[in-house]
Amino acid sequence: MAGSSAKAQNWVYTEGLAVESEAAQQARAAAAEAGIECVTPATGALLETFAAMARAKHVVEVGTGTGVSGTWLLAGMASDGVLTTIDVEVDLQREARRAFAAAGIASSRTRTIGGRAMDVLPRLANGNYDLVLVDAEVTDAADHLAQAKRLLRPGGTVVVTEALWGDKVADPARRDSDTVAMREVIRTVMEDEGLHATLLPTGGGVLVAVKR
Ligand SMILES: C[S@@+](CC[C@H](N)C(=O)[O-])C[C@H]1O[C@@H](n2cnc3c(N)ncnc32)[C@H](O)[C@@H]1O
């Protein structure tokens with residue numbers, strides 16, 4: 001028990017270290033008002049770091065929401081990098097565009113596409129992207145991941161958020177369909193010889209894989 005309370009303390013400490021920009025805070029408030037989930041501050045900081053490590057110029061995001069994750073990604077990307085972000089909810093994307101503008105991001109650096117990811121992703125170019133973030137429905141994550149693999153250049157990174165699925169993935173007694181689907185996504189990624197992969201406990205769990 002002492003171990004798990006120390007882990008909880010570590011988690012709170014890690015989240016507290018991530019200083020969120022005013023624009024991301026604005027997007028987070030809009031997400032709360034709309035009743036949608038968004039990445040935690042520590043996950044956002046991790047996304048910024050991944051984007052900066054890659055000096056990312058071409059990033060795809062599945063699940064724009066109100067722009068919390070997008071704001072963090074743009075902060076880490078190359079100054080001329082372009083974020084292509086997809087969501088079925090265009091009203092949420094309007095909030096995201098507001099957050100990107102508040103962050104001082106030129107409109108030419110974001111491409112917000114309204115629609116279902118599986119209608120949009122197949123139209124994007126093979127091997128052209130440095131980073132793909134998958135943050136929509138867990139039931140679609142396997143399909144989004146397969147598209148991400150196609151879109152990434154060698155050395156490009158795919159990130160799947162909420163990978164610990166409300167702390168249920170690690171509990172073998174949890175067998176609801178969403179938890180099983182996320183476990184299957186993790187297994188597929190970890191066993192894929194075309195990827196270097198790991199699972200981080202940051203935020204709600206972050207599955208990260210680099211294309212070989
Ligand atoms: C968890 S929220 C994204 C939050 C956002 N990434 C952030 O952290 O600020 C998930 C989003 O995925 C969108 N979504 C769900 N299914 C989708 C699909 N099949 N294609 C595109 N977007 C989808 C929802 O409308 C919702 O805005």
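Two strands count as paired here if DSSP finds at least two bridges between them. Keep that in mind for the sheet. And note that this is a predicted model.

Start with β5, residues 152–160, and β7, residues 206–211. They run antiparallel, and four bridges join them. Within that pairing, valine 158 has alanine 209 of β7 as its bridge partner.

Now the other partner. Strand β6, residues 195–200, pairs with β7 over six bridges, again in the antiparallel sense. Threonine 198 sits opposite valine 208 in β7. β6 and β7 make a hairpin, with five residues between them. Look at glycine 203 in that turn: its phi is positive, about 55°.

Next, the core. Which residues touch the most other members of the largest nonpolar core? Val132 and Val134, out of 56 residues. Helix α3, residues 41–53, supplies the largest share of this core, six residues.

Stay with valine 132. Set aside its neighbours within four places in sequence, and its contacts are Val60, Ala148, Leu151, Leu152 and Val158.

Finally, the whole protein. We have eight helices and seven strands. The C-alpha trace spans about 50 × 35 × 30 Å along its principal axes. Buried residues account for 45% of the 212. As for contacts between residues at least 6 apart in sequence, 69% join residues at least 24 apart.

Methods: Residues numbered from 1 in each chain as written. Predicted model: local features only at pLDDT ≥ 70, side-chain atom pairs only at ≥ 80, totals over all residues. Core = buried A, V, L, I, M, F, W, Y, C linked by C-beta atoms within 7 Å. Buried ≥ 20, exposed ≤ 12 C-beta atoms within 10 Å, placed from the backbone. Helix = DSSP H or I, 4+ residues; strand = E, 2+ residues; numbered from the N terminus. Contact = placed C-beta atoms within 7 Å.
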